[in-house]
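I opened the model today to look up a handful of local features. My notes follow.

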Amino acid sequence: MIATLFGKKKITEDKLANVFVNTVLEMCTEGFPTVVDEVNEAPEFLTPPGLSVEEDEHFLLIVLAANLMEMDRVLGPGVDKRMFSLSVSKFAQAIGRECTEVEERVRALRSKMERLNFPSKNPVYAMGRALFTEYELFCFQDSYFREMKQPNPILLKRLNGLFSYFLWNWAEVNEQYRIS
């Protein structure tokens with residue numbers, strides 16, 4: 001209410017990118033073990049996939065890509081492109097990778113997530129499908145879902161419930177802050 005009376009708070013793109021990347025990394029560090037437990041203990045798999053907490057790089061990129069998809073949808077033109085570049089650059093630096101490598105992987109993953117999730121544009125749903133493809137979890141399912149190359153919908157629904165906690169509320173950020 002106060003923000004609407006006196007205007008939005010001001011935040012620089014650089015500072016927002018820092019906060020965003022640090023928050024994503026922290027969320028993934030704290031939340032990935034829960035996802036690993038859910039996947040490894042899922043009764044829908046014939047044999048446990050044996051996913052390890054140390055295998056988090058694919059997951060980090062999935063979460064980053066989903067958040068950047070949502071950011072593009074919410075933020076205005078121009079701001080979304082600059083925030084994408086800043087966020088990828090800071091993320092690459094944080095995980096010790098080359099910026100161009102991370103950017104290529106994120107762009108490819110975003111494209112794959114959009115394709116896997118078509119016609120839905122919900123990034124949370126795309127995250128679950130991407131997890132199945134990136135970690136090759138199809139082979140652990142019963143033959144029906146394995147042959148269709150589709151995640152078991154019961155497991156996918158549980159994973160989507162978990163993944164909703166990994167998505168930033170870009171609409172709230174856009175509402176409360178003036179990004180400069």
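**Entry 1: Arg107.** How exposed is Arg107? I find Arg107 partly exposed, at 45% relative accessibility. The classes I use are buried for under 20% relative accessible area, exposed for over 50%, and partly exposed in between, with a 1.4 Å probe and protein chains only. Arg107 sits in helix H5. Helices here are DSSP runs of H or I with at least four residues, strands are E runs of at least two, and both are numbered from the N terminus. I also checked Arg107 against Gly50: 57 residues separate them in sequence, and their C-alpha atoms are 28 Å apart.

**Ground rules.** This is a predicted model, so I keep in mind that local features need pLDDT of at least 70 and side-chain atom pairs count only at pLDDT 80 or more, while totals for chains, interfaces and linings use all residues. Residues are numbered from 1 along each chain as its sequence is written, and side-chain values use heavy atoms, with hydrogens and water left out.

**Entry 2: Asn67.** Next I looked inside helix H3 (residues 57–74), where Asn67 is placed. Asn67 counts as buried because its relative accessibility is 0%. What does Asn67 contact, leaving aside neighbours within four places in sequence? I list Phe20, Val24, Phe166, Leu167, Trp168 and Trp170. Contact means heavy atoms within 4.5 Å.

**Entry 3: helix H4.** I compared the length of H4 (residues 79–95) with expectation. Its 17 residues should span 24 Å at 1.5 Å a residue, and the end C-alpha atoms are 24 Å apart, so the two agree. The expected span is 1.5 Å times one less than the number of residues. The buried residues of H4 include Val79, Met83, Phe84 and Phe91. Asp80 and Lys90 are also among the buried residues of H4. Their cover includes helix H2 (13–40), H3, H5 (99–117), helix H9 (170–176) and strand S2 (177–179). Gly96 follows H4 and has a positive phi, near 75°.

**Entry 4: cysteines.** How many disulfides does the structure hold? I count zero, taking a disulfide as a pair of cysteine sulfur atoms within 2.5 Å. For Cys28, the closest cysteine sulfur is in Cys99, 18 Å away, so it is too far for a bond. Cys28 is buried, with a relative accessible area of 3%. Cys139 is partly exposed, at 47%.

**Entry 5: largest pocket.** I get a volume of about 230 Å³. A pocket is an open set of points on a 1 Å grid over the protein atoms alone, where a 1.4 Å probe fits, with protein on both sides within 12 Å along at least five of seven lines; lining residues have an atom within 4 Å of a point. H3 and H5 are the elements that give two or more residues to the lining. H3 gives the most, with four residues. The lining includes Met69, Arg73, Arg110, Glu114, Phe118 and Pro119.

Entry 6: Most residues other than glycine have a negative phi, and most peptide bonds are trans. I looked for exceptions. Phe118 and Pro119 are joined by a cis peptide bond, with omega about 10°. Pro119 lies in the loop between H5 and helix H6 (123–134). Glu136 has a positive phi, near 50°, and is in the loop between H6 and helix H7 (143–148). Glu136 is exposed, at 57%. Lys149 has a positive phi near 55°, in the loop between H7 and helix H8 (153–163). Lys149 is exposed, at 55%.

Notes:
Points joined across faces, edges and corners; volume = space filled by probe spheres on them.
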